[in-house]
Amino acid sequence: MCGIVGYIGFRRAFERVLEGLQRLEYRGYDSSGVAVLDHEGQLAVQKTAGRLARLEAVVADGLPDSSIGIGHTRWATHGAPTDGNAHPHLGGGCANGQGHSVAVVHNGVIENYRSIKARLEVEGYVFQSETDSEVIAHLIDSCLKQILAAGPRVTDDITDAPCVAAVREAVSQLRGTYGLLVLFRDEPDLLVAARLGSPLVIGVGEDEYFIASDASPLAGHTNRIIYLADHEVAVIKREQLRVVHRDAGRIEPAVQPLDMAANDVGMGDYPHFMLKEIHEQAETVRAAMRGRIDHDNATALFGGLNLTPAHLQNINRVVLTGCGTSWHAALVGEYMIEEFARLPVEVEYASELRYRNPPIDKGTLLFAITQSGETADTLAALREMKRKGHPTLAICNAIGSTIANEADGGIYLHAGPEIGVASTKAFTSQCVVLAMLALYFGRLRHMSFEQGLTYIRALEQLPDLITEALKVDTVVRGIAERYRNANTFLYLGRQYNFPLALEGALKLKEISYIHAEGYPAAEMKHGPIALVDPLTPSVFMIPKDAVYEKVVLNLEEIKARKGPVIAVVSQGDDRVGQLADEVIELPACPDFLNPIVAAIPLQLLAYHIACLRGCDVDKPRNLAKSVTVE
Ligand code: G6P
């Protein structure tokens, strides 16, 4: 969703900010804007609805040559995606729009903006937009005027300077969530950032700082990063950075290494991020396993669970929660953990779990599964479980993200930045981490040493299996050409392949806008079979697994109704080869790895169909990479 970028240093701010915003495009947005200080010391703002390319065109002559600036990509919540509602918003000034003192970019939602707005209108402020964010700009101006009216302050501490005090006072009046970056007309060497519930990071350079809502704009510019925490306010000058608690004293910021190169956030030779990320999966599943396999004890190793062995041994139930693709990975994990660890697992949509009041006993362990670590519903579900005193762990990709920080412990995917909105490599890495958890809990309980070793040997084949699976690309592209005009697809599979059917259908609808439904293959008789006709393809996951014969029967039921069948099969399966209209052959693998290997052709099918239909694969309409609102 919304993205924030800021720069203060010695280079041209506009270019830095624009490049940063381009790297945040993947989060999803519908308008954008930038503000810098011009030569006369006035705030120069340009903003526009639509893609960043429009902003670039609007600013064709370039903004003033300033070395301080802020920018934003907005995903509309309060007010339509118009030029006027785009950020930055200006605070202060008079009715004719002149003389503004402050420019603000904001991520998050201000719940009490109406009452603040009413009060500010009485004070004479004139609002130009329908957003909740504009109140912050005027509120800071109002607080600043009051502070200045109270007379000069005697302080050497920049965190007490009037502009900073104004931001601290303003944010203490806000209810809701914010990641804020503030530029002052009268302070050419100052940016103020503040955070509550909406992430902000600061890249530390030599006499320059990069501020952003996630780490990707920093890549290639610095390898030192500060993750701002809730209630912290950062005071950023070219040669000095201070962090202070909103209502209390100084905080020594922890500067951490940033392991992200410019290549990681670029497309390389690929036409889309999604295709690049699909092709990275042999390496990303390897990264998920790296250092986590203990051959001597035939188990998995996790450094960050932060729970005692006694606690882990006494776990008698696991709850897995997440949204979207992460929820599908959780379903795969349910099959794995129940089969190999004999532990009962429940999978809950985070958006449901947060408001439900399920009975959860002391032996329950919650895992929040999330690529971004910022999904609002997943975060709320985690907080609710924590509040009730249950241990919470995160399976997360984004290092330093809110959920990674707030969970009691967790496991990082180490898949690198995932930029394509449709999740691909995060899904397979989540499944791999869940497979290792199944091994880990299995070995704490009933699984023998020998079974553990067999399981590990299977897991270690995964990168090669994925490399092999990627070879189906040409076959899948041919199928995409033949079925690109279908209006509805069914995705069907059983057992481990049921969650994959859901994920395959989600991929297709997300990026090609074709209606698609995933179902357990046998369950389709109870409804979806009514959709079957010669124009409605069914994608069957039908490897040579424990339910192979049963799924063949389901396939014949579709064929009897003249439905075209695209079958994802184990190499050399002539029987299904003769029944199905299209066949995608994959290397044979143990049942529990099939949803990981067979994810590859489903991702490729969605990708090629979307490309053939001319869809914007990496930035599908209405979707956001990181959904930070409820
Ligand atoms: C959005 C994304 C999906 C993602 C879901 C959960 O809807 O478009 O790709 O699966 O959020 O995101 P998370 O970051 O929590 O895994």
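## The ligand and its pocket

The ligand sits in the second largest pocket; here, sitting in a pocket means that more than half of a molecule's atoms lie within 2 Å of the pocket's grid points. This is a predicted model, so local features need pLDDT of at least 70, side-chain atom pairs count only at pLDDT 80 or more, and totals for chains, interfaces and linings use all residues. Residue numbers start from 1 along each chain as its sequence is written, and side-chain values use heavy atoms, with hydrogens and water left out.

A word on how the spaces are found: on a 1 Å grid over the protein atoms alone, a pocket is an open set of points with protein on both sides within 12 Å along at least five of seven lines, a cavity is a set where a 1.4 Å probe fits but cannot get out, and lining residues have an atom within 4 Å of a point. Volumes are the space filled by probe spheres set on the points, with points joined across faces, edges and corners. On that basis the second largest pocket comes to about 490 Å³. Its lining has 27 residues, and those nearest the centre are C323, G324, A624, K625 and V627. At least two lining residues each come from α9, β20 (364-370), α11 (376-387) and α17 (497-512), where helices (H or I, at least four residues) and strands (E, at least two) are DSSP runs numbered from the N terminus. By class, this lining splits into 11 nonpolar, 11 polar and 5 charged residues; Ala, Val, Leu, Ile, Met, Phe, Trp, Tyr, Cys and Pro count as nonpolar, Asp, Glu, Lys and Arg as charged, and the others, Gly among them, as polar.

## Who touches the ligand

The shell around the ligand has 14 residues, with S326, T370, Q371, S372 and T375 coming nearest; a residue is in if one of its heavy atoms lies within 4 Å. Helix α9 (residues 324-341) gives the most to this shell, with 3 residues. The shell is made up of 4 nonpolar, 8 polar and 2 charged residues.

Now for the polar contacts (pairs of N or O atoms within 3.5 Å). A side-chain N or O atom of T375 is 2.5 Å from an oxygen atom of the ligand, and a polar side-chain atom of S326 lies 2.6 Å from a ligand oxygen. Taken alone, the ligand exposes 390 Å², and the protein buries 91% of that (Shrake-Rupley areas, 1.4 Å probe).

## The largest pocket

Over in the largest pocket there is about 960 Å³ of space. What lines it? A set of 42 residues does, of which M260, N397, I399, G416 and P417 lie nearest the centre.

Both β15 (256-257) and α7 (281-289) supply at least two residues of this lining, and α7 has the largest share, with 3. Sorted by class, the lining holds 17 nonpolar, 12 polar and 13 charged residues.

Searching the whole structure turns up 3 cavities of 30 Å³ or more. The largest cavity has a volume of about 120 Å³, and 13 residues line it, with C2, W75, T77, H106 and G108 closest to its centre. That lining counts 4 nonpolar, 7 polar and 2 charged residues.

The second largest cavity holds about 60 Å³. Among the residues lining it are V5, G6, Y7, R16, E19, G20, F210 and H221. Two or more of its lining residues come from each of β1 (3-8), α1 (13-24) and β10 (209-212).

Most residues other than glycine have a negative phi, and most peptide bonds are trans. Here are two spots to look at. H87 and P88 are joined by a cis peptide bond, with omega about 0 degrees, and P88 lies in the loop between β4 (68-74) and β5 (89-92).

N306 is not a glycine, yet its phi is positive, at about 55 degrees. You'll find N306 in the loop between β17 (299-300) and α8 (309-313).

Notes
A polar contact is a pair of N or O atoms within 3.5 Å; within protein, one must be able to donate a hydrogen and the other to accept it, and residues adjacent in sequence count only if both atoms are side-chain atoms.
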